[in-house]
Amino acid sequence: MEFYRAHVLVCGGTGCTSSGSMNIIDKFNDELEKHGLQNEIKLVRTGCFGLCEVGPIVIVYPEGAFYSRVKVEDVPEIVAEHLVKGRIVTRLLYHDSIAEEQAIKSLDEVGFYKKQLRLALRNCGVIDPENIDEYIAFDGYKALGRVLTEMTPEQVIDTIKASGLRGRGGAGFPTGLKWEFTRNAVGDKKYVCCNADEGDPGAFMDRSILEGDPHSVLEAMTIAGYAVGADQGYIYVRAEYPIAVKRLTIAIAQAREYGLLGKNIFGTDFSFDIELRLGAGAFVCGEETALMASIEGRRGEPRPRPPFPAVKGVFSKPTLLNNVETYANIPQIIMNGPEWFRSIGTEKSKGTKVFALGGKINNTGLVEVPMGTTLREIVYEIGGGIPGGKKFKAAQTGGPSGGCIPAQHLDTPIDYDSLTQIGSMMGSGGLIVMDEDNCMVDIARFFLDFTVDESCGKCPPCRIGTRRMLELLDKIVSGKGEEGDIEKLELLAKNIKASALCGLGQTAPNPVLSTIRYFRDEYEAHIKEKRCPAGVCQALLRYVIVAELCKGCGLCARNCPVEAISGERKKPYTIDTDKCIKCGLCMEKCPFNAIVKQ
Amino acid sequence: MATSVLAQDTQKFAELQMVIEEYKGQEGPLMPILHKAQEIYGYLPLEVQNYIAEQLGIPITDIYGVATFYSQFTLKPKGKYKIGICMGTACYVKGAQKVLDKLQEVLNIKVGDSTDDGKFTLEATRCLGACGLAPVMVINDQVYGRLTPNDIEGIIAKYKDE
């Protein structure tokens with residue numbers, strides 16, 4: 001085996017790829033060759049490092065130098081200075097990773113990583129996801145070996161049950177129980193499925209695991225196949241994730257080649273294989289019965305449960321369905337034992353949770369924290385707070401099924417039960433931060449718009465009910481809200497929750513209910529005062545010129561497309577609100593910031 | 001009668017036949033076949049759906065039902081440049097709507113439509129997962145991040161001239 005004196009890790013996740021990391025890799029290859037270093041320095045394209053905000057990211061070991069927002073033009077300097085002369089290029093280092101006197105902090109000391117505990121993401125940003133040998137070198141497939149050669153299926157299920165692992169897709173059902181139900185179901189053929197149809201807007205946890213560590217999911221599914229008695233697995237993945245699809249395809253081919261998928265795995269009489277199935281852009285397919293209909297090649301419409309998938313699933317056979325992140329935890333639970341896993345987290349929620357941190361936050365990216373970490377720690381310590389010194393208003397979790405968590409609940413420890421208690425939900429892990437500039441009625445409208453568009457149309461409460469709710473919200477944000485509209489929304493929400501067919505329909509009203517619960521005053525300001533306190537809802541805005549700041553230059557009047565601004569030079573101008581079309585051009589052009597939205 | 005899509009291009013037709021042959025025997029072959037058929041033709045013309053129906057022995061109504069259920073399948077040809085503006089939550093709270101408004105203005109089309117010259121198709125997409133770059137837009141495979149409405153005209157102009 002070759003020995004390399006340094007490793008250059010370049011992030012190949014979707015975030016960094018979008019900001020050009022592939023060109024950086026090409027450039028590194030060129031430059032390493034130019035300096036004749038290709039046998040001394042190993043270039044690795046890894047999965048996501050998590051800190052997408054400062055991508056593309058390059059980390060150079062052994063020093064652990066964390067270069068951020070690297071451009072192709074920076075590569076020759078990194079090679080010539082750092083790799084040839086051993087001088088770290090300080091100007092490119094991520095600012096928070098620089099200790100006093102220009103020394104580098106280790107990654108565990110950087111604010112973004114300090115409070116994190118990476119279990120599901122343990123290999124993301126560490127190994128090359130397209131190379132099975134690297135996964136194996138990090139104890140990959142060891143858990144599968146142990147399961148197949150030393151454990152009975154019952155022992156495997158008991159281990160998962162004892163670990164307290166709950167489904168990471170959102171609902172939090174105990175994973176071990178699901179496995180047991182599927183094992184006990186009667187059937188000549190059984191299936192193991194992986195739900196990788198990550199449809200919540202603003203959520204990319206599962207994608208990062210598939211892109212950064214695809215073998216962990218394959219290994220876990222194979223373990224599950226052994227435990228429940230299945231020989232065929234399906235991964236249902238969004239077609240919108242081309243990199244994840246590509247790496248899964250490579251991973252499956254490599255695992256087959258190594259005999260880790262296919263017939264007689266590890267020389268036992270256990271056989272198992274996995275196939276990929278691509279979604280085609282339907283949010284509802286994240287619901288388990290809809291997902292299975294889609295695998296079968298039908299419209300992805302949910303059906304009533306029971307029968308549950310454990311009894312009657314894909315092709316009417318007993319089926320185990322877990323989420324990507326749930327699977328990513330399995331091999332470690334087998335290797336380290338259930339007690340180890342139980343020691344992390346809170347009383348009823350064990351282990352860690354991955355969150356996709358986005359919105360108005362400094363460190364956008366992927367974070368994994370022990371259950372019970374507070375929202376404040378995530379937003380302010382890991383996330384680095386809110387840009388521009390703005391005030392935290394709310395965090396949205398659970399996507400279109402979840403709700404908003406306002407500032408007074410910042411110190412709530414995050415686990416399944418506490419989030420449900422305060423009117424949101426864990427969801428799959430999207431965590432969008434909103435500041436004072438975001439209007440909560442507008443956000444509720446945004447989610448309802450999403451739900452209406454994605455409703456499969458099978459059951460009337462969701463198909464018609466959510467549309468009626470959207471109409472009410474449209475009315476409110478356009479300044480036509482009436483007394484009683486809030487109550488109508490609440491009544492509709494209650495009825496939809498009680499009568500919709502599937503989980504997505506039943507939870508669709510949550511964003512509205514939780515914003516009414518915590519921000520009723522904003523709804524009332526829209527309805528009674530025809531005013532949007534955050535200054536977002538166009539129909540309710542007025543542009544006005546602050547007389548004290550206006551120098552009378554006339555630039556605004558010259559730029560106004562509808563001649564709504566008038567005045568005398570060197571004296572304050574005024575805007576005729578009746579003529580104004582609220583295009584905002586005047587505000588953009590004013591050199592004295594004398595025009596404000598009210 | 002309009003010219004037959006299938007007869008027009010024998011190479012594409014041969015590819016389609018191969019795809020159907022490959023998946024025919026498998027369980028649940030329809031979704032993968034539709035994906036590949038769309039890759040071959042760029043969209044799913046009724047004639048192609050009919051042919052798949054015949055070959056698989058599935059009623060055309062079922063195939064049409066599936067093709068119209070999923071938003072990624074399209075029955076209309078798309079423009080040369082597919083513009084997708086991300087409307088995920090992270091992009092939305094960072095002003096994606098304003099960027100979209102600007103795109104509609106510059107291209108003079110509504111979301112979901114294509115320009116008359118067949119050059120651009122404008123789509124509002126679901127979360128692309130590049131939340132670190134919000135708001136984000138994709139033109140074919142090229143990603144544009146941290147957009148403001150002011151960036152749009154310049155970006156579109158680049159493609160118009162090509």
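Mentor: Two strands pair if DSSP finds at least two bridges between them. Helices (H or I, at least four residues) and strands (E, at least two) are DSSP runs, numbered from the N terminus. This is a predicted model: local features need pLDDT of at least 70, side-chain atom pairs count only at pLDDT 80 or more, and totals for chains, interfaces and linings use all residues. Residues are numbered from 1 along each chain as its sequence is written, while chains are lettered from A and ligands numbered from 1 in the order in which they are written.

Trainee: How many bridges join β11(A) and β12(A)?

Mentor: β12 of chain A covers residues 403-406. The two strands form a hairpin with 5 residues between them, and Gly398(A) in the turn has a positive phi of about 80 degrees. Ala394(A) stands opposite Pro406(A) in β12(A). The pairing is antiparallel, and the bridges number 4.

Trainee: Which residue in β13(A) stands opposite Ala394(A)?

Mentor: Ala394(A) also faces β13(A). β11(A) and β13(A) run antiparallel, joined by 5 bridges. The residue opposite Ala394(A) is Met434(A).

Trainee: What is the strand order of the open sheet of 5 strands in chain A?

Mentor: The pairing in this sheet is mixed. Its edge strands, each pairing on one side only, are β10 (365-370) and β12. Inside, β9(A) and β13(A) pair in the parallel sense over 4 bridges. The order is β10-β9-β13-β11-β12.

Trainee: How many charged residues does chain A place on the side that touches chain B?

Mentor: Contact is C-beta atoms, placed from the backbone, within 7 Å. On that basis 40 residues of chain A meet 29 of chain B. Ala, Val, Leu, Ile, Met, Phe, Trp, Tyr, Cys and Pro count as nonpolar, Asp, Glu, Lys and Arg as charged, and the others, Gly among them, as polar. The chain A side has 14 nonpolar and 18 polar residues, and the charged ones number 8.

Terms used
Contact = placed C-beta atoms within 7 Å.
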